[in-house]
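Look at how helices cross in this model. Follow the packing first, then the domains.

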Amino acid sequence: MTGDLTPDRRRLIAALLGPGEPELTCDQCFEELDRYVDAAVAGADPDLAVPGMRAHLAGCPACAEDYDSLLEYVRHADERSSPSA
Amino acid sequence: MATGDTLPHPGNALPHSGDKAHPRSRDGLDEESRRWLQDLAGGGHAHDDAVRRLHELLLRAARFEVSRRRNTLAYLRGGDHDDLAQQSADDALVAVLAKLGSFRGDSRFTTWAYKFALYEAAVKLRRRAWQDRELPLEPDAWPTFASQALSPGEHLAETELLRALRVAIVERLSAHQREVLVAVTLNGIPIDVLAERLNTTRGALYKTLHDARRKLRGQLAADGFDIADGEREHHR
């Protein structure tokens with residue numbers, strides 16, 4: 001019955017109801033963020049490295065922003081420091 | 001080096017084994033991270049030089065973040081961008097040095113350090129964006145998502161779920177839970193901005209949000225809706 005919901009409404013309902021699965025707190029998210037990002041950058045499975053992070057990022061817009069920032073910057077910095085850069 | 005109020009940061013995480021690009025030794029640290037720790041823990045010129053390099057590294061990260069969000073910074077004058085980046089780097093340096101002993105090699109040292117600079121910059125930017133603005137805590141977004149033109153089938157499905165959700169928000173949540181839920185999920189107020197305005201912490205507010213969401217899910221389940229993860233199917 002998901003087809004009955006428009007994408008905007010699906011997103012809104014998802015935001016209101018949250019991830020609905022075990023998730024980290026904001027403090028735990030900050031603690032684990034570098035580990036999660038380094039796992040992602042290294043091509044490993046970050047969700048295996050840090051269970052509960054993905055759910056928290058889905059439910060917390062501010063932490064999701066912080067994750068996007070760190071991931072983007074680490075990739076940028078790695079490119080800058082790579083021998084071929 | 002002037003420093004503002006350093007934002008509260010939590011502690012650290014658990015070790016992991018590294019990867020091919022950044023191999024780790026038996027103590028779990030890659031070579032670059034070990035050098036950073038040795039230099040920062042030492043004394044004299046090597047220490048001072050490491051602190052200077054660390055500040056440069058943090059400043060580059062903070063400037064990147066400010067630049068990345070430049071299009072949302074209409075409220076800042078030109079020179080304010082670098083002032084904000086400098087202040088973020090200063091505060092991040094204080095935080096990194098204070099927490100140095102708790103770094104256990106869960107990630108590369110630089111990734112660990114970057115997150116403090118990016119966090120300081122992001123929080124400052126979010127707070128500046130909402131400075132002197134009244135926070136909309138009422139559910140202004142309800143009409144927006146409830147009134148758009150829908151097909152009869154869509155309308156029926158949405159009406160049922162949204163009505164149940166609206167009733168649950170009004171009847172099942174406390175005034176504080178409703179305020180936090182509406183502010184963060186409907187009105188887009190950053191949770192750290194709301195935390196500052198309500199004189200509490202981001203973690204405490206997220207706990208409130210989490211509890212509110214759990215209540216809503218429980219009520220919808222009691223009402224006969226099957227709310228699945230991800231796509232969130234619903235049906236009677």
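## Two helices of chain B

Helix H2 (residues 44-68) of chain B packs against helix H4 (residues 109-130) of chain B at about 45°, with axes 8 Å apart. Axes are lines fitted to C-alpha atoms, for helices over the stretch in contact, and angles run from 0 to 180 degrees between N-to-C directions. Helices are DSSP runs (H or I, at least four residues), numbered from the N terminus. H2(B) and H4(B) are therefore oblique to each other (angles under 35 degrees count as roughly parallel, over 145 as roughly antiparallel, 65 to 115 as roughly perpendicular and the rest as oblique).

Residues of H2(B) in the contact include Leu54(B), Leu57(B) and Leu58(B). Those of H4(B) include Ala113(B), Tyr114(B) and Leu125(B). Contact means C-beta atoms, placed from the backbone, within 7 Å.

## Chain A meets chain B

Helix H2 (residues 26-41) of chain A and H4(B) cross at roughly 125°, their axes coming within 9 Å. That makes H2(A) oblique to H4(B). Leu33(A), Asp34(A), Val37(A) and Asp38(A) of H2(A) touch Thr111(B), Trp112(B) and Lys115(B) of H4(B).

## Domains of chain B

Chain B is assigned domain 1 (31-130) and domain 2 (141-222); such bounds come from an automatic or database domain assignment. Their contact takes 4 residues from domain 1 of chain B and 4 residues from domain 2 of chain B.

## About the model

This model is predicted: local features need pLDDT of at least 70, side-chain atom pairs count only at pLDDT 80 or more, and totals for chains, interfaces and linings use all residues. Residues are numbered from 1 along each chain as its sequence is written, while chains are lettered from A and ligands numbered from 1 in the order in which they are written.

Key. Contact = placed C-beta atoms within 7 Å.
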